[in-house]
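Dear colleague,

Please find the structure below, followed by a short account of what was found in it.

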Amino acid sequence: MLKPCIVYATGFFSFVFLVVGISLALTNVFPGLAQSEAKREVVLRNGTVAFDAWENPPAPIYMQFYFFNLTNPLEVLDGERPAVVEIGPYTYREYRPMEEVSFDDNGTTVAAVNTKTYIFQANMSRGLQTDLIRTVNIPAMTVMERFKDQPFFARLISDFMRDKEEGLFTTRTVGQLLWGYLDPLLQAVHVLKPDVDPVFGLFSKSNASSDGRYVFFTGQQNYKDFARVDTWNNQSSLKWWTSEECNMINGTNGASFHPVITKQETLYMFSSDLCRSIYSVFEEDVAVKGIPAYRFSPPSQVFANHTVNPANAGFCVPASNCLGSGVLNVSPCKQGAPIIMSSPHFYQGDPKFVQGVFGMKPNKDDHQTLIDVHPLTGTILQAAKRLQINVFVQQIPIFTQTGNVSTVIFPVIYLNESVVIDDVSVKKVAAAVFQQNLVLNIPFVLIGVAILLGAVFMLLVCRQKMPESTAAERQPLLAS
C-alpha cells in the first residue's frame with residue numbers, strides 16, 4: 001500500500017508545484033515584492049544606506065578641465081575663423097558632501113547645501129596649473145557688451161584698455177582662469193559700478209563653496225519623489241527665462257535617482273550650472289563592474305532650437321533671439337556675461353558652430369553626457385556630465401579692440417565631471433542583485449522541481465506496471 005501512495009503523492013506535488021510556479025511567473029508576484037522592498041528602503045532618512053550615500057557620496061568624483069588654446073589671434077581680429085588646440089585634462093578630485101542637513105517635522109523634506117571642494121591631481125593631469133592658455137578675454141568682452149550702448153563709458157573703457165594693452169584675447173595660467181585673478185579692467189569698472197566683481201575666474205566662486213540651499217523630498221510619501229528638488233535658494237521656480245515651462249525646477253540635482261526605474265521613464269535633473277532643468281531618456285542596457293544598468297542620456301531635443309522643439313522657445317533671450325540647436329545663452333544668470341553653454345565640441349549642435357571654429361571634433365564617446373543607473377535601487381553606477389563654456393564674440397564698432405572679428409561662439413573650456421561606483425558599494429549593489437535574482441527565480445525553481453517530480457512520477461508508474469505484464473506472460477507456460 002505504501003508504494004502506490006508514494007507514486008500518487010509524487011504526481012500530486014508535481015502538478016501542484018507546476019501550477020503554482022506558472023501562476024507566480026505570470027502574475028509577477030515576486031518582482032512586485034522586490035520592488036516594494038526597494039521603495040521602502042530607498043528613502044532619505046537617518047540610518048538608511050540611501051541617506052548615507054546621499055549625504056557623503058562614497059565613490060570618488062573627478063572633474064577634468066580641457067582648455068581650447070587659440071593659435072591665430074591676429075587672423076581672428078582680421079575676420080578669419082579661430083583655430084584652437086585642445087589642451088588637458090587638468091584633473092581635480094571633487095568632494096561634495098551635503099552639509100547643514102535638516103529634516104522637516106514630518107520627515108517628508110530635507111534641506112541641505114552641497115559644498116564642493118576641488119583638489120588638483122597632478123598624476124591624472126596632462127600639464128600643471130601654471131600652464132599658459134591663450135583665450136578670449138572674458139572680462140573685456142563682458143564689459144564691452146555691457147557698456148556698448150553707453151558712449152561716454154564706452155570711450156573711457158576703450159581708452160583704459162588701450163592704455164593697459166588689454167585686447168580681445170588674453171593669456172593666463174590654468175589656475176587663474178579656473179579659480180580667479182584680480183583683473184585690471186574689472187578693478188577700474190568696479191570704481192564706477194560697485195556691483196561689478198573685480199575678480200574673474202570661471203569657477204572662482206565654486207571651490208569650497210556651494211551653489212545654494214536646496215530642499216529635497218525624502219521619498220517617504222512617494223518613492224518617485226526620492227531626492228527630488230522642491231526649492232532652490234527658497235525658490236520653487238526660476239526667473240531667467242521667458243516661459244513658465246522653461247523656468248520650472250524639475251527632478252533631482254543629478255546625484256541621486258528614485259528606485260524602480262523603467263526604460264520608458266524620463267529622468268529629470270536640475271543643473272545650476274546650466275541655470276535650467278534638463279532630462280535624459282533610456283539609450284541602452286549596459287554593465288558596470290558586472291552590475292546590470294540602464295544607460296540614460298540627454299537627447300538632442302534638450303538643446304534643440306525652438307523650430308525643432310517648440311518647448312525651448314522660452315530659452316531664447318531676449319524673446320525670439322534664438323542662436324540655434326545645441327547651445328544655450330545663459331547670460332541672464334551669469335550677471336550679463338556673454339556666456340554660451342553647449343556640449344563639448346558642440347556635440348549634437350548645429351553644424352555651423354562646429355564649422356565656425358577650426359579644431360572642433362565632436363564625437364559621442366568623449367562628449368556625450370551619460371548616466372548608468374541600476375534599475376531596482378536607482379544607484380548611479382557610472383556617470384559623466386560633460387559641458388562646454390563658450391563666449392559670444394562679435395565686433396563692437398565703438399571698441400576698436402574687437403577689430404574686424406567675425407561673429408562666433410568661441411569655445412573656452414569644457415569639463416567632464418565623472419564618477420564610477422566604488423568597490424564597497426559594488427558589493428552592496430551586487431548583494432541586492434543576488435537577492436533580486438533569487439526572488440525572481442523562485443517561480444522557475446518551482447517549475448523545475450515540478451518537472452523533476454513529474455519525471456520521477458513517470459518512472460515510478462512504469463516500474464510499477466512492469467512486473468504485472470511479466471507475470472501475465474508467464475501464466476500460459478505454467479498451464480502447459
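Which residues of the largest nonpolar core touch the most other members? They are Phe65, Phe67, Val136, Trp241 and Val393, in a core of 101 residues. A nonpolar core here is a set of buried Ala, Val, Leu, Ile, Met, Phe, Trp, Tyr and Cys residues joined through side-chain atoms within 4.5 Å. Strand 19 (residues 408–420) supplies the largest share of this core, eight residues. A second, separate core has eight residues, including Val288, Ala293, Val426 and Val429.

Please note that the model is predicted: local features need pLDDT of at least 70 and side-chain atom pairs count only at pLDDT 80 or more, while totals for chains, interfaces and linings use all residues. Residues are numbered from 1 along each chain as its sequence is written, and side-chain values use heavy atoms, with hydrogens and water left out.

Phe67 is in contact (heavy atoms within 4.5 Å) with residues that include Val85, Ile87, Tyr90, Val412 and Ile413, where residues up to four places away in sequence are not counted.

Met141, Glu145 and Phe147 are among them. Helices (H or I, at least four residues) and strands (E, at least two) are DSSP runs, numbered from the N terminus.

Helix 6 contributes Phe153, Ile157, Phe160 and Met161, and helix 8 contributes Pro184, Leu185, Ala188 and Leu192.

Yours sincerely

Note on methods: Buried means under 20% relative accessible area, exposed over 50%, partly exposed in between (1.4 Å probe, protein chains only).
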